[in-house]
Structures are given as C-alpha cells and as structure tokens.
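Here is a brief report on a predicted model. It takes up a metal site, charged pairs, a helix and a sheet in turn.

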Amino acid sequence: MRVLVIEDEPDLSQALAQALREEGYAADRALDGTEGLAKAEDCDYDAIVLDLSLPGLDGLEVLRRLRRNRTTPALILTARDGVSDRVRGLDAGADDYLVKPFALTELLARLRALIRRSTGLADPVIRIGDTAINTATRTVERAGIEVTLTAREYALVELLALYRGRLITRSVIYDRLFGDDDDTLSNVVEVHVSHIRKKLGKDFIQTRRGQGYQVGGSGSDDV
Ligand code: CA
C-alpha cells in the first residue's frame with residue numbers, strides 16, 4: 001500500500017512518512033500543493049493524506065483538481081476545525097478528515113478504514129484457505145495460530161489478499177509497496193515472497209512466471 005503525504009510542515013511530514021513506513025506502507029512526500037497534485041495524478045496511490053493550508057495550491061484546490069480524474073481516497077488534515085471547513089473539504093471530494101492536533105494511532109486507523117472501503121471490503125478480516133489476514137490489527141493467522149511477518153511481508157500479503165483471485169503484476173507490486181525513498185535492497189520482491197512462503201506455506205502465493213503473483217482463486221483479471 002502506497003500513501004502520499006501532502007504537508008508543508010517538514011517535521012510533521014517527516015514524522016508521518018516515518019510512521020507510515022513503520023506500519024509497512026510505502027510513503028511519498030510532497031511539501032506543497034503543486035508538487036502534491038503532480039504526484040497524486042502521476043501515481044496510483046492507495047490513499048492521500050492532505051493538509052489544507054499549503055503553499056502553491058491550497059489543499060481544497062488540490063482535491064478539486066484531483067477529483068476530475070482520480071478517486072484516490074483522501075484524508076484531510078486541518079487546523080481549521082470549523083464546521084464549514086469540514087463541509088467544504090468533504091464537498092470537495094475528501095473521504096475523511098482529522099483536525100490537528102491529532103493522535104497518530106487514529107490517523108493510521110482511519111487510513112486503514114479508507115483503504116479497506118476503497119477496495120470494497122466491509123469485513124476487516126480476509127480469509128484465504130486456512131489463512132486469516134486481519135487488516136485492522138495487521139496480523140495474520142494460519143490455522144488459528146498467529147504468524148509473525150515483517151511490516152514489508154505483511155504489506156505484500158495484504159496487497160495480494162485485497163485483490164485475491166487476481167494476478168498482481170510485478171510492476172503493480174513495485175508501485176504499491178515501494179516509495180520514492182526506498183533503497184533497492186528492501187525491494188527485492190522475490191525475497192519477500194520466499195519468506196512469506198516459509199511462514200504461510202509454499203502454495204499460499206502462486207507465481208505466474210514472467211507476469212506476477214496471485215493468492216486465492218484462479219481468476220485471470222490483471223490489475
Ligand atoms: Ca500547512
């Protein structure tokens with residue numbers, strides 16, 4: 001899952017990106033509205049965290065322009081807590097909002113819910129065979145026993161599970177799991193797949209040679 005943070009306060013931006021990475025998300029940052037809109041239009045993000053008061057383009061304007069061609073879930077961060085500001089944000093196409101100062105745990109929970117809803121999943125637990133992936137607690141059980149995955153392994157399992165039964169191409173995996181700032185050592189997909197198979201069974205992830213990976217089902221829709 002890849003998230004874009006559009007926030008002009010450098011410390012907050014850095015802290016948010018760091019927190020997201022610790023949760024296993026790929027996180028990209030934009031420090032003004034113009035850069036934010038360009039990145040949001042350019043890349044298929046799973047969610048966007050958007051500050052309202054931004055240099056360049058104001059957050060509401062970023063959202064209005066983005067909504068002409070993208071439905072990426074957007075959560076607004078704002079120091080403006082008036083009802084009319086929240087209404088304007090939602091009317092401009094925001095899916096949720098948080099008023100600053102906010103608790104990081106709440107932001108992360110809201111993002112999980114946004115991403116879950118955008119994939120059409122009402123139940124936070126995805127079951128594939130004897131494996132249960134809990135997208136709320138970000139934990140995985142196999143036959144009722146919790147399996148410890150690294151944040152990156154979890155992110156890959158969740159991505160494949162959210163699109164279960166469908167082939168996920170390697171380029172989609174790279175796009176969704178790794179941000180602009182990730183080093184190359186962390187993004188060897190084959191290594192993560194091999195570790196996941198050791199933990200969840202060798203048949204959990206199916207390889208489609210030269211194409212990508214899939215869990216569950218036998219559908220052939222490409223993502
Ligand atoms: Ca700001």
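## Calcium site

Three residues coordinate the calcium ion: D8 (OD), D51 (OD) and S53 (O), at 2.1 to 2.4 Å. Along the chain, these donors follow the spacing D-x42-D-x1-S. D51 is buried, with a relative accessible area of 3%. S53 is partly exposed, at 41%.

## Salt bridges

The whole structure holds 21 salt bridges. Three of them are listed here.

| Pair | N to O distance |
|---|---|
| E9 and K100 | 3.4 Å |
| R176 and D46 | 2.7 Å |
| R88 and D85 | 2.9 Å |

The E9 and K100 side chains meet in a salt bridge. This pair links distant parts of the chain, 91 residues apart: E9 sits in the loop between β1 (2-6) and α1 (10-22), K100 in the loop between β5 (96-99) and α5 (104-118). E9 is partly exposed at 39% relative accessibility, while K100 is buried at 17%.

R176 and D46 also form a salt bridge. R176 lies in helix α7 and D46 in the loop between α2 (33-42) and β3 (47-51), so the pair ties together parts 130 residues apart in sequence. R176 and D46 are both buried.

R88 and D85 pair within helix α4 (residues 83-91), where they are three residues apart, or about one helical turn. R88 is partly exposed, with a relative accessible area of 41%. D85 counts as buried, at 17% relative accessibility. Salt bridges with shared partners join E7, E9, D51 and K100 into one network. D51 is also a donor to the calcium ion.

## Helix α8

The buried residues of α8 are V189, H192, V193, I196 and L200. Seen down the helix axis, they fall within an arc of 100°, so they line one face. Their cover includes β7 (131-134), β8 (139-142), β9 (145-147), α6 (151-162), α7 (170-177) and β12 (212-214). G201 follows α8, with a positive phi near 100°.

## A three-stranded sheet

β12 belongs to an open sheet of three strands, in the order β10-β12-β11, with antiparallel pairing. β10 (168-169) and β11 (206-208) stand at the edges with a single partner strand each, so one side of each has no neighbour in the sheet. Two bridges join β10 to β12. I168 has Y213 in β12 as its bridge partner.

Definitions and conventions
Residues numbered from 1 in each chain as written. Predicted model: local features only at pLDDT ≥ 70, side-chain atom pairs only at ≥ 80, totals over all residues. Heavy atoms only, no water. Donors = N, O, S within 2.8 Å, 3.2 Å for Na, K, Ca; no water. Buried < 20%, exposed > 50% of the residue type's maximum accessible area, 1.4 Å probe, protein only. Helix = DSSP H or I, 4+ residues; strand = E, 2+ residues; numbered from the N terminus. Arc of directions from axis to C-beta. Contact = heavy atoms within 4.5 Å. Pairing = 2+ DSSP bridges. Salt bridge = Lys/Arg side-chain N within 4 Å of Asp/Glu carboxyl O.
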